[in-house]
Amino acid sequence: MAHGMHFFMNPGPTNIPDRILRAMDRGAIDFTAGQFKAITDECFEALKRIFKTEQTILAYAATGHGAWEAALVNLFSPGDKVLLVESGFFSLNWGMRGEAFGLEVETLPNDWRRPLDAARLEARLREDREHKIKAVLLVHCETSTGVINPVSALRQAIDAARHPALYLVDTISSLASIDFRTDEWGVDVVVAGSQKGLMLPTGMAFTAISGKALAAAATAKLPRVYWDWKRLMGEGSQAYWNGTAPVHFFYGLQEALRMLEEEGLENVFARHHRLAEATRRAVRAWRSNDGPEIFASEPAAQSDSVTAVLVPEGSDADKVRQTALDKFNVSLGGGLDRLKGRVFRIGHLGDLNEPMLLGSIAAVEMALDLAGVPHGKGGINAAMEYLSDDG
Ligand code: PLP
């Protein structure tokens, strides 16, 4: 039997703050009445500030997979070609969904440990003289690897190739944790979910949609009903729900957005960076004695929301994870797909502070010992030193 607090360090879902839980602990109200509209109006206005967009945002009662699917079925017709930037498990999964809907999905292969070089995207788009590629699909923070893709540089690559492709970006593990600028970076569709930086339960998803994407949706032929943007938009912003509106999610979302704005978005990003950097310093200390290393190999592309830790050949990352959970009540993310058993993932996003992170890092260091993974000592000290030095 586990005692004390469960330290929940998965890269999503994340810790739900008491303020949000309390906000959701209320009775239902009529979702067709003015009181609910006032809540949704406040939420959609605040979401625009979080997405950094002036354009349309739509919400769905769904997980992130729903928003992935909404983007595909609203924008494309059977046989349309899209270019998927490979970054890891989540990117490939998004592409697989496109194939299921009859799209021609071309994968731009890329090493999972590095971000895509913008020149490679530009070169591929330049080759596409007939503009058969209708869209570029990218995951900003690849949650399975902890690598950040350079959204703005890749936009510039699309422009440099003078290519009209739409630009679709998944921000499921970056929005409200790491800076993201929908309009400034020229992103046509942003996919997001509730259960990470927004600190909510799993089950709500979002898309921010540019005017160019809305125009493409007007002629796209894939069938859709639940996800249909036109139907959801009514008079121009979300006016309609297919079925009963998820009122309790909006109670939670309203509180989450107020919390983010009270802290200030830039401070939220700085907090995430600080906790991420402390985590990275711990892993770098473990690296000596041929110990584990940060999977994301380029420092500038290491995510501030999740660190995937690659264990040495012959060690079992799942054993570290299981030990941390069984012995210390600390939950970590596991390796996905080809990284199963090779990495464990420390989520450092959402509602988190220094003691929660330090407790978890100490538990991981003990779990490395117990699981027989060679490593350098003092990861916890390196993290403490950084966090106390940095004021
Ligand atoms: N994309 C990324 C980058 C993710 O991290 C996840 C989930 O962790 C998804 C998509 C899928 O989202 P969901 O599990 O909410 O359907």
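**Close-ups of a predicted protein chain**

Figure 1. Buried residues make up 60% of the 391 residues in the protein chain, where buried means under 20% relative accessible area, exposed over 50%, and partly exposed in between (1.4 Å probe, protein chains only). This is a predicted model, so local features need pLDDT of at least 70 and side-chain atom pairs count only at pLDDT 80 or more, while totals for chains, interfaces and linings use all residues. Residues are numbered from 1 along each chain as its sequence is written, and side-chain values use heavy atoms, with hydrogens and water left out. The C-alpha atoms fill a box of roughly 60 × 55 × 35 Å along the principal axes. Of the contacts with a separation of 6 or more, 74% are between residues 24 or more positions apart, contact meaning heavy atoms within 4.5 Å.

**Figure 2. Inside the largest nonpolar core.** A nonpolar core here is a set of buried Ala, Val, Leu, Ile, Met, Phe, Trp, Tyr and Cys residues joined through side-chain atoms within 4.5 Å. The largest one has 57 residues, and F51, L121, Y167, L198, F206, F250 and L253 touch the most other members. Zoom in on L121: leaving aside neighbours within four places in sequence, L121 is in contact with L83, L108, L116, V136, L154, A157 and I158.

Figure 3. Most residues other than glycine have a negative phi, and most peptide bonds are trans. Here, a cis peptide bond joins G12 and P13, with omega about -5°; P13 sits in the loop between β1 (7-8) and α1 (18-24). M199, not a glycine, has a positive phi of about 65°. M199 lies in the loop between β9 (189-193) and β10 (204-209) and is buried, at 4% relative accessible area. D337 also has a positive phi, near 60°, in the loop between β14 (333-334) and β15 (343-347). D337 is partly exposed, at 47% relative accessibility.

**Figure 4. Around K52.** K52 lies in the loop between α2 (34-51) and β2 (56-61) and is partly exposed, with a relative accessible area of 23%. Leaving aside neighbours within four places in sequence, K52 is in contact with D179, F180, R181, T182, D183, L265, E266 and F269. K52 and D179 are 127 residues apart along the chain, and their C-alpha atoms are separated by 9.3 Å.

**Figure 5. Around V311.** V311 is in the loop between β12 (306-310) and α11 (317-328), and is buried at 1% relative accessible area. Beyond four places in sequence, V311 is in contact with P292, D316, A317, G341, R342 and F344. M204 is 107 residues from V311 in sequence and 34 Å away in space, C-alpha to C-alpha.

Conventions:
Helix = DSSP H or I, 4+ residues; strand = E, 2+ residues; numbered from the N terminus.
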